Amino acid sequence: MITIKSPREIELLKQAGNVVYQTHQYIKPFIKEGITTKEIDRLCEEFIRSKGCTPSFKGCEGFPYSVCTSVNDCVVHGYPSNYKLKNGDIITVDIGACYKGYHGDSGWTYAVGNISDNDKYLMEHTEKALYEGIKKARVGNRVGDIGHAVYEYATKHHLGVVREFVGHGVGTSVHEDPSVPNYGKEGTGPLLKEGMVIAIEPMLTFGSEEIDILDNDLTAVTYDGSNAAHYEHTIAITKDGPILLTGVDK
Ligand code: MG
Ligand code: MG
């Protein structure tokens, strides 16, 4: 069921989203060679809790950590571990925070030191694909318009579109209806209405779009070992256009 949020609920979602945004700003300078992904998880969790929130992903579908840390060929749901980041890695930190029962969700890919031109290209165009999707998140459009825009942009730039994971509604649950795929037909799918809050999150690969799931049943990696990037914002649909809840409008 797709829920329409009241102005009071949007305000709470804004506060949760803002903590997610602040957590990204906080963790960014720590993302350097030598830090372990477990340390990133711990720092994010402490920061989220210091803001009066709880980490949305802890215990979500059995995930035992606070944030997802997906390195290089890992697409999503990477488990924090004792792996030490190396110069040239790329890492997606996916952060969720819950404030008074309302969630915010945003993943972002970061470079560790000096990365390859291929990875720069992958990151630049995955981020741009996200904004192509956000532009379509307008009252009167449909979910398929968002997916279509993301897919067109990604394939025009020869990047693979992972289909197994999709964006979603956000509210009192971190994952709600509707599903927001990174592909679709224009003019199809649920109608976008004022008061809907959704996460848009392209997951693009430099090579094959096929994935494998690891033995923990959650972590997804690319089948061919090529790197993946992932950019996500939670947004509110308003009569004046989309509002970023997990970021600041550029
Ligand atoms: Mg999400
Ligand atoms: Mg996320």
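In this predicted model, the buried residues of helix α3 are D119, L122, M123, H125, T126, A129, L130, G133 and I134. One of them, T126, is also among the residues in contact with H230. The protein chain as a whole comprises 4 helices and 15 strands.

**Helix α3**
- Helix α3 covers residues 117-135, and its 19 residues should span 27 Å at 1.5 Å a residue.
- The C-alpha atoms at the ends of helix α3 lie 27 Å apart, in agreement with that expectation.
- An α-helix has 3.6 residues a turn, so residues three or four places apart point the same way.
- The buried set of α3 includes L122, T126, A129 and G133.

**Residue H230**
- H230 belongs to strand β13, which consists of residues 228-230.
- H230 has a relative accessible area of 1%, which means that this residue is buried, the cut-off being under 20%.
- A polar contact of 2.8 Å links the side chain of H230 to the side chain of E201.
- Beyond its neighbours within four places in sequence, H230 is in contact with V75, V76, T92, D94, G107, W108, T109, T126, E201, P202 and M203.

**The chain as a whole**
- The C-alpha trace spans about 45 × 40 × 35 Å along its principal axes.
- Of the 250 residues in the protein chain, 54% are buried.
- Among contacts between residues at least 6 apart in sequence, 70% join residues at least 24 apart.
- The accessible surface is about 10,800 Å², and carbon and sulfur atoms account for 50% of that area.

Conventions:
Residues numbered from 1 in each chain as written. Chains lettered and ligands numbered in written order. Predicted model: local features only at pLDDT ≥ 70, side-chain atom pairs only at ≥ 80, totals over all residues. Heavy atoms only, no water. Helix = DSSP H or I, 4+ residues; strand = E, 2+ residues; numbered from the N terminus. Expected span 1.5 Å × (residues − 1). Buried < 20%, exposed > 50% of the residue type's maximum accessible area, 1.4 Å probe, protein only. Polar contact = N/O pair within 3.5 Å; in protein donor to acceptor, adjacent residues only side chain to side chain. Contact = heavy atoms within 4.5 Å. Areas by Shrake-Rupley, 256 points an atom, 1.4 Å probe, with all protein chains shown as cover.
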